[in-house]
Amino acid sequence: MKRMNLEYGDAMMIYCIGSVNREDTIERFTRIIPHVGNDEVRDQMFVLREKISERMDDEDWEIFFPKVLRNMAVYLDHDRENFLKCLNEMRAELKAEMEQADLLESMGLKYGCREDDED
């Protein structure tokens, strides 16, 4: 099997646009590329389409495409875990700030205001 080194963005594009059929994948890229507004992304898609077209044959694609799907599933699951971790940290920080604001309010102080500020 021929090897094709992919950047994360390339693998993501194949994951999102690709098909189990290599020719269908090439056709999908061909139809999408003219509608991409970002020049860098459009160029990346064009190069990726050419790599698939020139470096892979159908037998290679049948082996390669499922590997991309499995790898991306792992990456996306890891990204999801990181996102949820960050979200929980932000919630904890917000809760702590709200508790501090409630405490200051119960003491008759305004959160973020000085005593000599006018309302």
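Here are some questions and answers about the helices in this predicted model.

The model is predicted, so local features need pLDDT of at least 70 and side-chain atom pairs count only at pLDDT 80 or more, while totals for chains, interfaces and linings use all residues. Residues are numbered from 1 along each chain as its sequence is written, and side-chain values use heavy atoms, with hydrogens and water left out.

User: What pattern does the protein chain follow along the sequence?
Analyst: Helices here are DSSP runs of H or I with at least four residues, strands are E runs of at least two, and both are numbered from the N terminus. The chain has four helices and zero strands. Read along the sequence, that gives α-α-α-α.

User: How far does α3 reach from its first C-alpha to its last?
Analyst: Helix α3 covers residues 39-55, which is 17 residues. The expected span is 1.5 Å times one less than the number of residues. For α3 the expected value is 24 Å, and the helix comes close to that, reaching 24 Å.

User: Within what arc do the buried residues of α3 fall?
Analyst: Buried means under 20% relative accessible area, exposed over 50%, and partly exposed in between (1.4 Å probe, protein chains only). In α3, M45, L48, R49, K51 and I52 are buried. They line one face of the helix, because seen down the axis (taking directions from the axis to the C-beta atoms) they fall within an arc of 160°.

User: Which residues are exposed on the other side of α3?
Analyst: The buried residues of α3 pack against α1 (8-17), α2 (22-32) and α4 (58-106), where contact means heavy atoms within 4.5 Å. R55, also in α3, counts as partly exposed at 44% relative accessibility. On the other side of α3, the exposed ones are E40 and E54.

User: Which residue caps the N-terminal end of α3?
Analyst: Look at the backbone nitrogen of E40: a side-chain oxygen lies 2.9 Å from it.

User: What covers the buried residues of α2?
Analyst: The buried residues of α2 are R22, T25, I26 and F29. They sit on the same side of α2, because they cover an arc of only 100° around the axis. What covers them includes α1, α3 and α4.

User: How far apart in space are R55 and M4, C-alpha to C-alpha?
Analyst: In sequence, R55 and M4 are 51 residues apart. In space, the C-alpha to C-alpha distance between R55 and M4 is 7.6 Å.

Note on methods: Polar contact = N/O pair within 3.5 Å; in protein donor to acceptor, adjacent residues only side chain to side chain.
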